[in-house]
Every structure is written in C-alpha cells, then in structure tokens.
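Please look over the structure shown here before reading the notes that follow. They are meant for a reader who is meeting it for the first time, and they are grouped by topic.

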Amino acid sequence: MSRKIQKRGFFMKRWPSYRDLKKWLTLAVVLLGLLYGTIFLFPVVPNQSNTVDGSSYRVKINPNSGLTSISDQLRAQGLAVNSVALHLGARSLLVASKLKPGTYLLPNGASLGKVLLQIARGDRVTESIAIIPGMTIWQLRALMDSQSAMIHRTKGMNNKELLQQLNLNYSSDEGLFLPDTYVFDPDELDLNIYRRAAQAMQKQLMQIWEQREPGLPLKTPYELLILASIIEKETGRLSDRNLVSAVFINRLNKGMPLQTDPTVIYGIGPKFDGNLKKADLRRDTPYNTYMHKGLPPTPIAMSSKESILAAAHPAKSNALFFVAKGDGSSHFSQNLKEHEAAVDRYQRKIIPKNNSN
C-alpha cells in the first residue's frame, strides 16, 4: 500500500497543476503578443518617401546576403532596423532562409514584419528588355544603351571589346544573342544581360546542332547560325522557313550563289535607307551573296529558335528559287523558268494571257 502511495506522489509532483499550466500559457501568449506586436506595430520604414512618386520607399538588397548583411544594408538605406531585431523577426516569421535579393518599393511607415514578408515573397521591382528576332547587333546595342534602369559598362565599347568582356571567341558579335524577353533588377549591369542572352544562344545552338539533319553542307555550329540568320530575315511566315532553308541548302550543295538581298543590305550597314538599288547589288562587300558564293562571314541578325531549327532541318524539296507573294508567304520554284513566271505574277503583277485567274 505504501508503495502505491509513493508512486502516486511521484507522478503528482512531475505534472504541473492546471493553475500552473494556465500561468505559463498566459505568459507565453503575452510574450508572443509583445514579440509580434513589436514586429508588426512599430514602423521601421521612414514616412518620407525617397521615390519620385512619393508613395513608397525604395531599397535594394544585394545577392548572397545573410541576415546580418541585410540588416546592415537596410539600416544604411535609412530603415530603423538592427541586426538583433531583424534576426529575431525573420526567425519568428519563419522567413530567415527565404529573403530574396532585389530592389523593393516598401510602403512608407511599414513595420519590420511587413518588410520581411514582402522581401520573403520576392515582391520586388523588375525591368525587362526584349531582343526581337531579326534585330541586328547595332540595333541591340542602341536598345541596351537606352535602358535607364541598367548600369552601363558597355557604352563606347567596340565589338571586339564586348566579345572579350563576354569571353566569346568570335570575329563578330552579330547574331550571338538569343531573342527573348530578359527580366532584370534595376541597376543591374548591362553586361549581365548580354551574358545571359549569349549563354542562352550557345546552349540553344549546340542542342540543335547535335540533332541536325545528316549531310548538311555546314561545317560548324557557327555556319548553322549564319544560315539561320538569313532564314530569319527572308521569311515572313513560320511555315515557309523549312522551305527557305531547303533553297539555300540546295544552292550551297550545287555551288550556286545564295543571291539573297538581306545579306547585301547588311553589308551596306546602318546607313541603308530602305531602298535596295541595282548599284547596291554590284557593291563588292563580303556580304554580297550575288557576287560571292557560299555563306557570308558572319550572321546578319539575331536568329530565333525556329530559324535555327529550320536551318538544321530543311524541308525535303528540290526548290532553288523563291519569291515573296505579297501576303507574307513565298512561292517556291525548282527552275529559273518557273521562277521568272512567279516573279512576273507576284512582283511585276503580270498575269499570263492563258491564265484567267
């Protein structure tokens, strides 16, 4: 009997009473209330905006920043935070490992909790720039230079210097950047955008090169890119690209000049006025494919993925000529006689007498 009483007394001492539990629970609630109240009630963002519109406060957090670094950066930019408070707040809200770099527009007078949750969501300011298929390098350079949200390091660089900065071993920077929309943070280096676009193009080009049709008269991925750029400039309709590719592949195989106007225009350069004259076709430049057989020395524009695929997978066709029909599509011919008739019909608007259509 005494042993039972002793055991009962032992367990009664280990378990706190209901009153003790209520006391500790109340204390915990009070402490949590104080903690979250401090995090969410007291403002750390200045009420006075530092942006033009006056509706928000702009801050920037650098990549690869830990909590202490983020605290230092925010304090240096005018927020009333310290390292202890930020550590405690971030861990209390379970976002210590989720804070993302970038530029943020914080509400004026926002609390530490609101700031931390916004940064954890990555609700930041972003900018974007679109590289359009068919754009030339001088058009891209002008577009990049005009972006006020970037930090410019390439303004004034010549093409060779830009290639060196990007560690690209090519004779020209034309055609090396994949058309796409690139999202970036404000104050990002323009070199970063060039680098991302160049790496994307190299990845895309090599993947397509590895899966190209066998027997193409192309020796390197760069030659594939050159051909793709010509296809890009010659086609107005996606469905025609593989046939346009077939025409150029057939001409290369036969040793015929490509005779494509876009290469001649590229050889004229940015001064081209939009009117291609007969004298231009007789101007001897490395890009005049009426005078020189084979591919031009470099791409003539930025090529889309679709044009690179078309260059690597030409249609099964014996066509050697094509002419624009005026609706964005082209007419393809296997011989000169048929081609001349198509030129008469679609370019010169001459309808054969025996054709009532």
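**Briefing on the model**

Asp-280 counts as buried, at 7% relative accessibility, and its side chain meets that of Arg-283 in a salt bridge with an N to O distance of 3.3 Å. The model in which this pair is found is a predicted one. The chain is made up of 14 helices and six strands, and of its 357 residues 41% count as buried. Among contacts between residues at least 6 apart in sequence, 62% join residues that are at least 24 apart.

**Salt bridges**

- A search of the whole structure finds seven salt bridges, including the one between Asp-280 and Arg-283, in which Asp-280 is buried while Arg-283 is partly exposed, with a relative accessible area of 40%.
- Another of them joins Glu-213 and Lys-316, whose closest N and O atoms are 3.8 Å apart. Because Glu-213 lies in the loop between α8 (190–210) and α9 (221–234) and Lys-316 lies in the loop between α13 (305–312) and β5 (321–324), this pair ties together parts that are 103 residues apart in sequence.
- Within that pair, Glu-213 counts as partly exposed at 25% relative accessibility, whereas Lys-316 counts as exposed at 76%.
- The side chains of Asp-123 and Arg-121 also meet in a salt bridge, at 3.8 Å from N to O; here Asp-123 is partly exposed, with a relative accessible area of 42%, and Arg-121 counts as exposed at 56%.

- In helix α3, which covers residues 67–76, the buried residues are Leu-67, Ile-70, Ser-71, Gln-73 and Leu-74. They cover an arc of only 165° around the axis, and therefore they sit on the same side of α3.
- As background to such a pattern, an α-helix has 3.6 residues a turn, so residues three or four places apart point the same way.
- The buried residues of α3 pack against β1 (56–61) and against α4 (83–92), and α3 is followed by Gly-78, whose phi is positive, near 105°.
- Helix α5, residues 112–121, has seven of its 10 residues buried, so α5 is largely enclosed by the rest of the structure. These buried residues are Leu-112, Gly-113, Val-115, Leu-116, Gln-118, Ile-119 and Ala-120.
- Just after α5 comes Gly-122, which takes a positive phi of about 75°.

**Where α6 meets α8**

- The axes of helix α6 (residues 137–145) and α8 come within 11 Å and cross at roughly 140°, and the crossing in which α6 passes α8 is right-handed.
- On the α6 side the contact is made by Leu-140, Arg-141 and Met-144, and on the α8 side by Asp-190, Ile-193 and Tyr-194.
- Sorted by class, the contact of α6 with α8 has four nonpolar residues, two charged residues and no polar ones.

**A buried glycine in a loop**

- Gly-175 has its place in the loop between α7 (159–165) and β4 (181–184), and Gly-175 is buried, with a relative accessible area of 0%.
- Leaving aside the neighbours within four places in sequence, Gly-175 is in contact with Met-201, Leu-225, Pro-299, Ala-301 and Met-302.
- The C-alpha atoms of Gly-175 and Met-135 are separated by 8.5 Å, although these two residues are 40 residues apart along the chain.

**Positive phi in residues other than glycine**

- By way of background, most residues other than glycine have a negative phi.
- Leu-94, which is not a glycine, has a positive phi near 60°; its place is in the loop between α4 and β2 (102–107), and Leu-94 is exposed, with a relative accessible area of 65%.
- Asp-187 likewise has a positive phi, of about 70°, although it is not a glycine. The place of Asp-187 is in the loop between β4 and α8, and at 34% relative accessibility Asp-187 counts as partly exposed.

How values were computed: Residues numbered from 1 in each chain as written. Predicted model: local features only at pLDDT ≥ 70, side-chain atom pairs only at ≥ 80, totals over all residues. Heavy atoms only, no water. Buried < 20%, exposed > 50% of the residue type's maximum accessible area, 1.4 Å probe, protein only. Helix = DSSP H or I, 4+ residues; strand = E, 2+ residues; numbered from the N terminus. Arc of directions from axis to C-beta. Contact = heavy atoms within 4.5 Å. Salt bridge = Lys/Arg side-chain N within 4 Å of Asp/Glu carboxyl O. Axes fitted to C-alpha atoms, helices over the stretch in contact; angles between N-to-C directions. Left-handed = near helix turned anticlockwise from the far one by under 90°. Nonpolar A, V, L, I, M, F, W, Y, C, P; charged D, E, K, R; others polar.
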